[in-house]
Amino acid sequence: MSANGHALAHLRDMVRIRRLEERCIELYSAGEIRGFMHVYIGEEAIAVGAMQALGPEDNVVATYREHGHALARGIPTRAILAEMLGRVEGSSRGRGGSMHLFDAQRRFFGGNAIVGGGLPLAAGLALATRMRGEDRATVCFFGEGAAAEGEFHETLNLAALWRLPVLFLCENNLYAMGTALERSQAQTDLALRASTYAMPAWSVDGMDVEAVARAVDEQVATIRGGGGPCFLEAKTYRFRAHSMYDPDLYRSKEEIARWKQRDPLDLHAAALRAAGLLDDDAFAAIETDAAAELDDAVAYARQGQLEPVEELERFVVSERVLR
Amino acid sequence: MSEPASTAATTTYREALREALRDALRADERVFLMGEDVGRYGGSFGVSRGLLDEFGPERIRDAPLSESAFVGAGVGAALGDLRPIVEVMTVNFSMLALDQIVNTAASLSHMSGGQFHVPLVVRMTTGGGRQLAAQHSHSLEAWYAHVPGLRVLAPATIDDARWMLGAALDDPDPVIIFEHGSLYGMEGEPWEESPVRPIDLEHAVVRRAGRDVTLIASSQSVHVALAAAEVLVADGVEAEVVDLRVLRPLDGATIVESVTRTHRAVVVDEGWRSVGLSAEVSARIMEGAFYELDAPVERVCTLEVPLPYPKHLEDAALPQPQRVVDAVHAMGLGG
């Protein structure tokens with residue numbers, strides 16, 4: 001695809017994620033999705049900018065706020081929505097729900113709802129790559145709240161010590177649930193902290209999809225070239241509350257409004273328009289396609305099957321034989 | 001590490017564990033050992049001594065003191081189609097990796113709808129009796145045996161020390177192996193060179209046959225039970241000793257079958273009494289052999305204290321053969 005084609009595809013994917021999650025909120029309000037659900041609205045540029053750098057052989061480890069990562073990785077919208085509705089056709093047979101999207105075929109290792117829990121796993125995937133002599137990058141997404149967890153420090157040290165091919169991609173949306181970064185972490189410069197583990201550590205504007213894409217392209221190239229792990233902080237903001245349960249009492253409306261002026265979709269669309277790559281008709285077509293994709297996926301999910309209770313205990317123990 | 005070198009006619013539990021590791025590393029290049037001081041130091045309890053020279057630092061991988069990271073890296077490496085053996089120095093330290101074992105390794109297969117499996121083996125030292133005090137001596141096997149998705153093994157004999165590891169590596173799911181610190185130096189007959197295959201990771205076994213009472217134990221406690229059984233001979237009591245071997249899935253059938261014959265049971269467990277392995281075994285007996293019992297099930301467990309350093313206090317806290325003998329006497333047998 002041409003650079004222009006890529007730029008348009010990035011807009012298309014961000015729109016698809018935004019509309020997916022807006023639809024999920026509707027389904028949640030209607031009681032069709034239950035449990036904890038965390039939406040990514042406002043942060044779409046990171047998943048889209050990062051995922052374009054990866055091939056099918058690469059590994060992705062994400063968090064419980066992973067609808068966008070799953071979609072950008074290529075997990076079908078139908079499988080994502082069926083999972084949210086708890087149907088067997090879902091990406092995890094309906095067993096995980098919003099927080100636990102998995103796809104072995106696309107090397108999407110979840111969907112981890114323990115803050116920081118994905119980092120050691122990502123290091124292990126990268127260790128396997130190294131020891132097996134494979135050419136795979138592993139990208140591990142996590143929020144800035146994870147930088148307060150021991151796993152962050154343990155894993156960055158271990159990955160740097162062993163020069164593992166992993167990118168630690170920190171999505172800094174400034175709040176760990178309701179706790180602001182400066183209220184919970186003494187050193188708020190996350191790239192500075194990561195750099196003390198002897199790895200390249202950068203910050204990037206997480207609202208600018210092309211800036212994220214350039215940074216991830218470069219760091220993934222470093223990783224693939226045997227340069228060891230990298231760290232990237234993407235500065236972003238979630239426009240919605242932490243989860244559907246969160247009354248969002250800890251941030252001011254002014255602060256939220258200020259960040260919404262830097263909506264990654266708007267910024268990218270404006271840049272494309274300024275470059276003559278996007279007009280009203282093209283944008284409308286992207287929206288129409290996204291809506292049609294979602295209509296289809298919601299209908300598919302609603303028609304999905306509930307897993308028979310007799311299968312409840314399947315897969316506690318694997319059904320496969322090794323080797 | 002201070003036990004006399006075994007003679008040609010005998011071997012030790014530690015040597016059996018080491019040979020199991022060597023065998024596994026030779027058999028499959030995807031197998032590697034990772035943990036604190038497994039390489040240059042030779043293993044904190046000497047199990048992996050010499051393996052670094054034979055297999056090199058990539059496969060005998062010294063890890064930083066980061067239990068959560070290196071156990072979690074073991075999970076990831078298993079997902080990446082390696083066969084990691086992760087050594088955690090003691091079960092007490094494994095608490096620092098509990099999240100990775102319970103929330104990730106044990107859950108991944110089920111919560112992903114069977115897409116992922118985690119062929120990870122975690123070895124750790126358990127148990128007291130070495131005056132190592134309250135942060136190196138506990139028996140927390142029951143914590144792991146509580147968790148669906150894990151297999152939990154407790155080799156009590158040289159043969160199980162030799163053969164369980166290879167079978168554990170063939171399991172597509174995470175396996176925890178508990179090595180008792182007091183057993184490393186245990187000498188005995190050389191291991192069976194041609195064991196029955198596949199190696200049984202499902203069943204308890206009767207280590208000593210008897211008709212009057214069943215002593216149910218695992219790991220080091222099997223030896224406590226066997227010693228008690230010898231003492232009871234003088235009282236005219238023939239005790240049967242069941243070695244659980246596998247703590248999850250627990251082999252209730254073998255327990256029930258034995259108790260159905262003997263009509264009396266004493267559970268010997270180095271874990272604490274409350275809400276532990278002994279409680280589970282007792283419940284299985286109640287569920288499966290209630291009408292066969294001639295007396296309530298007795299339990300001999302570690303007293304409910306953090307294990308203390310002084311030998312006399314540690315001995316008083318841990319199950320001893322005499323306490324087992326006393327429990328059997330209290331049931332109206334012998335004595």
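**A walk through chains A and B**

Ile286(A), Ala290(A), Ala297(A), Val298(A) and Ala301(A) are the buried residues of helix 12 of chain A. This is a predicted model. Helix 12 of chain A runs over residues 280-302, which makes 23 residues. From first C-alpha to last, helix 12 of chain A reaches 33 Å, close to the 33 Å expected at 1.5 Å a residue. An α-helix has 3.6 residues a turn, so residues three or four places apart point the same way. What covers the buried residues of helix 12 of chain A? The cover includes helix 1 (3-29) and helix 4 (77-84) of chain A.

Helix 1 of chain A also holds Asp13(A). Is Asp13(A) buried or exposed? Asp13(A) is buried, because 24 other C-beta atoms lie within 10 Å; the cut-off for buried is 20 or more. Setting aside neighbours within four places in sequence, Asp13(A) is in contact with Val48(A) and Ala72(A). Glu154(A) is another matter: 141 residues separate Asp13(A) and Glu154(A) in sequence, and their C-alpha atoms are 34 Å apart in space.

Now take Ala271(A), which sits in helix 11 (residues 264-274) of chain A. Ala271(A) has 16 C-beta neighbours inside 10 Å, so Ala271(A) counts as partly exposed. Where does the chain lie in sequence relative to Ala7(A)? Ala271(A) and Ala7(A) are 264 residues apart in sequence, yet 9.6 Å apart in space, C-alpha to C-alpha.

Step back to the whole of chain A. Its secondary structure comes to 12 helices and eight strands. The C-alpha trace of chain A spans about 55 × 50 × 45 Å along its principal axes. Of the 323 residues of chain A, 51% count as buried. Among contacts in chain A between residues at least 6 apart in sequence, 74% join residues at least 24 apart.

Next comes the contact between the chains. How many residues does each chain give? Chain A gives 36 residues and chain B gives 36 residues. On the side of chain A that touches chain B, helix 5 (118-132) and helix 6 (150-161) of chain A are the elements that give two or more residues. Helix 5 of chain A gives the most, with 10 residues. By class, this side of chain A has 19 nonpolar, 10 polar and seven charged residues. For the complex, the predictor gives an ipTM of 0.96 and a pTM of 0.96.

Chain B averages a pLDDT of 96, and 98% of the residues score at least 70. Look at strand 2 (residues 31-35) of chain B. Why is strand 2 of chain B largely enclosed by the rest of the structure? Five of its five residues are buried, so the strand is largely enclosed. Val31(B), Leu33(B) and Gly35(B) point one way from strand 2 of chain B, while Phe32(B) and Met34(B) point the other way. Strand 2 of chain B has parallel partners. Five bridges join strand 2 to strand 4 (residues 83-90) of chain B, and these run parallel. In that pairing Val31(B) stands opposite Arg83(B). Three bridges join strand 2 to strand 3 (residues 60-62) of chain B, also parallel. Here Met34(B) stands opposite Arg61(B).

Definitions and conventions: Residues numbered from 1 in each chain as written. Chains lettered and ligands numbered in written order. Predicted model: local features only at pLDDT ≥ 70, side-chain atom pairs only at ≥ 80, totals over all residues. Buried ≥ 20, exposed ≤ 12 C-beta atoms within 10 Å, placed from the backbone. Helix = DSSP H or I, 4+ residues; strand = E, 2+ residues; numbered from the N terminus. Pairing = 2+ DSSP bridges. Contact = placed C-beta atoms within 7 Å. Nonpolar A, V, L, I, M, F, W, Y, C, P; charged D, E, K, R; others polar. pLDDT = per-residue confidence, 0-100. Expected span 1.5 Å × (residues − 1).
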